[in-house]
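Have the coordinates open as you read.

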Amino acid sequence: MIRFFGSLFSLLSTGAMFAAGGLAGLVYIYGNDLPGQDDLANYHPKLLTRVYSGEGRVIAEFYREKRVFVPIDEIPELVKNAFISAEDKNFYTHPGVDAVGIAKALTRFVMARAAGRPARLSGASTITQQVMKNFLVGRDRNFERKIKEAILAVRISGALSKELILELYLNDIFLGQNTYGVVAAAQRYYGKSLEELSPEEAAYLAALPKAPSKLHPVREHERAVTRRNYVLEEMAQNGHLGRAEADAAMQRPLETIIGKQRPVVLANAQPSYFSQEVRRQLIAELGEDELYEGGLTIRATIDPELQELAARALRRGLEAYDRGRAVYRGPVARIEAVAEGERDNWRALLAAVAMPRDIPGWRPAVVLDTGKTTALVGIEGLEGDGTARLKLATERKWIKAIRRDGERHGAPKRPGDLWRKGDVVFVARSEDGAEDGQAWTLRQVPEVQGAFMAMDPFSGRVLAIQGGFSFEVSVFDRATQALRQPGSAFKPFVYAAALDAGYSPATIVLDAPVVVRQQGQDDWRPRNSSKKFYGPSPMRLGLELSRNLMTVRIAQAIGMDRVAEYAERFGVYEDMPTLLAYALGAGETTLYNMVAAYGMFANGGKRVRPTVVDRVQDRFGRTLFRHDPRLCQGCAGDEASAGDLPELFDQRAQIMDPVTAYQLVSMLQGVVRRGTAARTVGARVDFPVAGKTGTTNEARDAWFIGFTPNMVAGCYIGYDNPTPMGRGAYGGTLCGPVFAEFITEAMATRIPGEFREPVRQGLILVKFDRETGERLPDDAFGAHVVTELFRAGYEPELYAQVLAISGDDALFGAMSPDLIFGIDATDLPFNEESAIREPSPTGGGDPAAPQKPQAPVAGGVGLGTGGLY
C-alpha cells in the first residue's frame, strides 16, 4: 500500500512537473513578444476629441473609435455591477483567468467536436482577458489567442488594481452603433449620462458586449429584451438588485433613441465650415493621430450667435443675387414613382432623396399634382397631411425664365410650365405670404457662391466662418481655401505703404491716363471704373472712390517693392511679385488672410495671427496649445490683493505706425460714409464703421472687408468657376448688404465704441477739403470738410483755387510740383497719356497682361482695361 501511494505521489509529482514545464514553455513561446507589465500599465486607449464653444456646447467630434474616457470613481455602481454580472461575476476573486470557466469552455468544445457538431472555442473570457483582447491581441478565435489572452491577463493583474482594469474595460468595450465605452453608449442609445441610467437601461448596455449587431434594439428587439432580462436576473442573483426591482425592470419595454433623435449633448456637433477649419489647423499643429486618437479637449473661438448671423446674412445675399437673375433651374431631383401616380408613400420616398437639409427654414418637398393656378406639394416634416400649395402668381414675381433639361424657356404661364409631378424642390414659409403664416414659396440653391468671416481684431480669435451657402451642398471652404483676386480691397495696403513713406491723406495725386509698356505684349492701360479721369485729387478721395489710376501712380512713386513688403508683412501674400498690376489686387489670396490683415488696421497696427482655437488640452488636462500669447505677472499666486493686481504684457509686434493706422482707418471710414460703400453700408449703420469694397474685372469677384473698433468682418461672392456676374455686380452692391446686415445685428448686443486716436504728441488736427486737399479754417463745416490727424509738419498748406483755374496747364501750376506724384507737371498735357515704363521681369512680358495673359489667374481676371473697382 505504501509502495502504491509512493508510486502515485511520484507519478503525480512528475505529471505536475511536466505540466509546470509545459505551462512555462507555453508562456515562453507565446508570451515572449507580448508587452510587459510596465507597457500594460502605461497603455492608453484611443479616445475621441471634442471641440467646445466658449459656452461649453459640443460643436464637433473627431475620432477613429468613438470613445469617451471616464474615471472609474465616476462610473455608478449600477453600471459596474451590470457589466460584472453579465460578463464576469467572479471578477474580484480570480487572478485574471477563471480556471473553472476555462474548464467548462474546453468541455463544451470537446463534446461538440466529438458529436460531430461545428464548434469554436469561446466563452470563459474574463473581463481582464477581454481588456487584453480588445487592446492588444485582436479578435481571431483560436487556441493561440486564448493562451495570449491568459498570459496578458495575469500580467496586467499584477500591474494594475481591479478597479483600474475595470476602468479600462468600461471605457474600451465596443457596444455597437460605432460607440466604444459606456459613456458614448449611454449617449448614443439613451441620450443620457451614466448617472441617469435606470436598471433596465444599464442592463441592456451590459448585454451588448456579447454581440452588439445581434442585439439591435429595433431590428432584433425580442432577442435584445431576452438578453437584457438575463442580465437583470444575474444582477438580482448576485445581490446587486432587489428581486422586486429586478422583476419590475424586466416588465418595462426596451426603448432607445436609435432612429428617433440625436443625443442632446451632440445636437450641435454637426459638420460645419468652422469645425473643418479647426480640424485642418490642429492636424497641421499636432498631427492627425493626436487629433483623432488623443482624447483632446478643444475650446474653439466660435461665437455661436455670430456664426448664425454670418450664415444667415451670406445666404440672404447669395439668394438675393440668384433670384435677381430671374432664372429657375429646375428641380433638385425626381421621384418617378410619384410621377407615375404613387402618392400614398411620398413621405418615405422623399426622405430617401439625398439633398441638403442644413439650410434653416428650407424643407424638401415633392410635387404631387398641378392645377390651374397652383401646385400641390408634400413637405417633409410638415404636420397634418403634410401638403401645401405653391402659387404660380407668387413665383412669377421673380421667375422670368426657366432652364430645364438643357433647354431655356420663357416665364411660366401655367403651373405645368414650372412644376411636374414627381419634382423634388425646396420650399420655405413665405415671409410676406398669408396672414396665417401657412403660405409656402419655391426656393433654389444659388449657383453663385461666397464666404463670410468675422474676427476679433485684437486677439485674432475667429468668431465666425461661413464658407459657402450650405456645407451639405459643398464642403469647400471659400473663406480659407479659395484663392481669389481681392481687386480694390487690396488698395489700402498701397495707401498704408504711402502714408508710412511720408504721404498724407491730403497729398495730391494726379488722376490721369497711364500706359505700361510691356515687351512682346499689348500695353497695359488701367482705367477707373467710371472710365473717366479726374485730375489732381487728394489721396483720401482716391481711396474713398477707389480710383485705379491714382493707386497705380502712388504704387509707382513709392515702389512696388515697398508695397509687396507691406502685403507680406500683413499676411496677404507670402511672396508678392513687384508688378504694378498687383497694386490693383491682381494677386490671389483668401478671405481669411484679408480679414486678418484688415484687423491689423483696426487694432492700431499690431500683428495678430488668426486662429479658430483658443486652447487644446490632452486627456490628462495638460495644455498643449494656447493662442493668447500675453504674459501675466502675478497670475500664478494663490491670493490677490487690491494693491497687487495681476498685470498683462502685450507681446504683439507693432508692424505699422499707429498714426498711419489711424489715418488709414479714417480714410476707410470715408469709404463707408461717402465712398463706394455709402449706400449699401454707410446708410444702414449708425456707429463707426470703416471698410473697403473690391470688384475684379468683369465682376468675377466681389468683396467687402469692414470693421468697427472691436470687430472685423469680410464677405466674398463669386462663382466657383469664375464667371462674370453681370451689370450692377460690385463689391458694394453684393457684399455691402451682407456685411451691413451682419454688423448691425452683431452690434445690437454689443457696444460698437469709437476708434482710438494715437497719443497726440507731435500730432495736429487739421480741417481740409476732401475734394481739393485745400486746408480750411478751423471753423469750416460742410459735406466736403474732413477733420484729419496729421504729423506736425505734414499738414496741408493753403492753396487757393487749385481746381478753379482754366486751361490745360492750370491743373499743375497752382500747386508745388512735389505734391504731384506719378507724372511730372511739365511732362504732358492732361488730355494725353503719360507712360510709366516697367520692363518685363521674364523677357516674355507681364505674366498677367491685359489682353494676352500668359498664365490664367483665379477668376479669369486679367490686369486690363476694365478698371478694378
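Glu 336 is partly exposed in this predicted model, because its relative accessible area is 45%, a value between the 20% and 50% cut-offs. Its salt-bridge partner is Arg 334, with the closest N and O atoms 3.6 Å apart. Arg 334 is partly exposed as well, at 34% relative accessibility.

This pair belongs to a count of 46 salt bridges. Three of them are set side by side here:

| Salt bridge | N to O distance | Relative accessible area |
|---|---|---|
| Arg 334 – Glu 336 | 3.6 Å | Arg 334: 34%; Glu 336: 45% |
| Glu 288 – Arg 64 | 3.4 Å | Glu 288: 43%; Arg 64: 35% |
| Arg 770 – Glu 771 | 3.9 Å | Arg 770: 8%; Glu 771: 42% |

The Glu 288 and Arg 64 salt bridge links distant parts of the chain, 224 residues apart: Glu 288 sits in helix H13 (residues 288–293), and Arg 64 in the loop between E2 and strand E3 (66–67).

Arg 770 is buried, since its 8% relative accessible area falls under 20%, whereas Glu 771 is partly exposed. Both belong to a network of salt bridges that also links Arg 540, Glu 544, Arg 674 and Glu 788.

Now for the sheet. Five strands make up an open sheet with mixed pairing, ordered E2-E1-E5-E20-E21. Strands E2 (58–62) and E21 (623–626) each have a single partner strand, so one side of each lacks a neighbour in the sheet. On average, neighbouring strands are turned by 15° against each other, direction ignored.

E20 (residues 613–617) and E21 run antiparallel and are joined by 3 bridges; Arg 615 has Arg 626 in E21 as its bridge partner. Helix H12 (residues 273–286) lies across the strands E1, E2, E5, E20 and E21, at about 45° to E2.

Definitions and conventions. Residues numbered from 1 in each chain as written. Predicted model: local features only at pLDDT ≥ 70, side-chain atom pairs only at ≥ 80, totals over all residues. Heavy atoms only, no water. Pairing = 2+ DSSP bridges. Helix = DSSP H or I, 4+ residues; strand = E, 2+ residues; numbered from the N terminus. Axes fitted to C-alpha atoms, helices over the stretch in contact; angles between N-to-C directions. Contact = heavy atoms within 4.5 Å. Salt bridge = Lys/Arg side-chain N within 4 Å of Asp/Glu carboxyl O. Buried < 20%, exposed > 50% of the residue type's maximum accessible area, 1.4 Å probe, protein only.
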